[in-house]
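I opened this notebook to record what I looked up in one protein structure. The entries follow the order in which I consulted it.

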Amino acid sequence: MLFGMIAVLFAMLLVFDTTTYWHGRNVYNEAAAEGARVAAAFDGTCADGIAAAQRSVRQAAGAWARDVMVSCTEGAIVTVTVSGRTPGVLGGALGFSVRVSESAPKEQ
């Protein structure tokens with residue numbers, strides 16, 4: 001019975017870790033999409049896109065988003081990349097590393 005309870009607890013923690021990873025990935029992906037949308041606008045710049053992505057992460061994630069870095073490449077296609085760490089349960093306080101990129105064509 002003891003081993004069964006340990007297995008159930010481990011399975012629950014695995015579900016919690018998977019949920020936090022996908023939630024963090026969704027938050028960073030939404031931030032990258034918002035940054036790309038802003039930077040690709042007719043009067044938008046990469047600086048505007050980076051600021052929008054950082055603001056989006058702060059609003060959606062708050063304090064649990066750690067080591068968030070946003071980068072942008074400008075050209076005919078604007079690409080915003082957001083990377084950072086998410087909290088974890090089994091992974092300990094280290095959490096998971098997430099990196100997502102979104103692109104949009106620059107408006108002329």
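**Entry 1: Contacts and overall form**

I began with contacts, meaning heavy atoms within 4.5 Å. In the protein chain, 55% of the contacts with a separation of 6 or more are accounted for by residues 24 or more positions apart.

I noted that this is a predicted model, in which local features need pLDDT of at least 70 and side-chain atom pairs count only at pLDDT 80 or more, while totals for chains, interfaces and linings use all residues. Residues are numbered from 1 along each chain as its sequence is written, and side-chain values use heavy atoms, with hydrogens and water left out.

I then looked up the elements, which are DSSP runs numbered from the N terminus: helices (H or I) of at least four residues and strands (E) of at least two. The protein chain has two helices and three strands, in the order α-α-β-β-β from the N terminus.

For the overall form, I read a radius of gyration of 17 Å for the protein chain, whereas a compact globule of 108 residues would have one near 13 Å. This radius is taken over C-alpha atoms, and the globule rule is 2.2 Å times the number of residues to the power 0.38. The C-alpha atoms fill a box of roughly 65 × 20 × 15 Å along the principal axes.

**Entry 2: Burial and the core**

I recorded that 31% of the 108 residues are buried. Buried means under 20% relative accessible area, exposed means over 50%, and partly exposed lies in between (1.4 Å probe, protein chains only).

In soluble globular proteins, nonpolar side chains tend to be buried together. I therefore looked for a nonpolar core, a set of buried Ala, Val, Leu, Ile, Met, Phe, Trp, Tyr and Cys residues joined through side-chain atoms within 4.5 Å. The largest has 20 residues, and Y28, V57, V80 and V82 have the most contacts inside it. Two or more residues each come from α1 (2-40), α2 (46-61), β1 (66-73), β2 (77-86) and β3 (96-105). Helix α1 gives the largest share, seven residues.

Which residues does V80 contact, leaving aside its neighbours within four places in sequence? I found A32, G35, A36, A53, V70, S71, C72, V100, S101 and E102.

I located S83 in strand β2. S83 counts as buried because its relative accessibility is 18%. Not counting residues up to four places away in sequence, S83 touches D67, V68, M69, V98 and R99.

I located F96 in strand β3. F96 counts as partly exposed because its relative accessibility is 28%. The C-alpha atoms of F96 and T86 are 5.2 Å apart, although the two are ten residues apart along the chain. Beyond four places in sequence, the contacts of F96 include D17, Y21 and G84.

**Entry 3: A salt bridge**

I searched for salt bridges, each a side-chain nitrogen of Lys or Arg within 4 Å of a carboxyl oxygen of Asp or Glu. The count comes to one salt bridge. R37 forms a salt bridge with E34, with the closest N and O atoms 2.7 Å apart. Both lie in helix α1, three residues apart, about one turn of the helix. R37 is exposed, since its relative accessible area is 51%, whereas E34, at 25% relative accessibility, counts as partly exposed.
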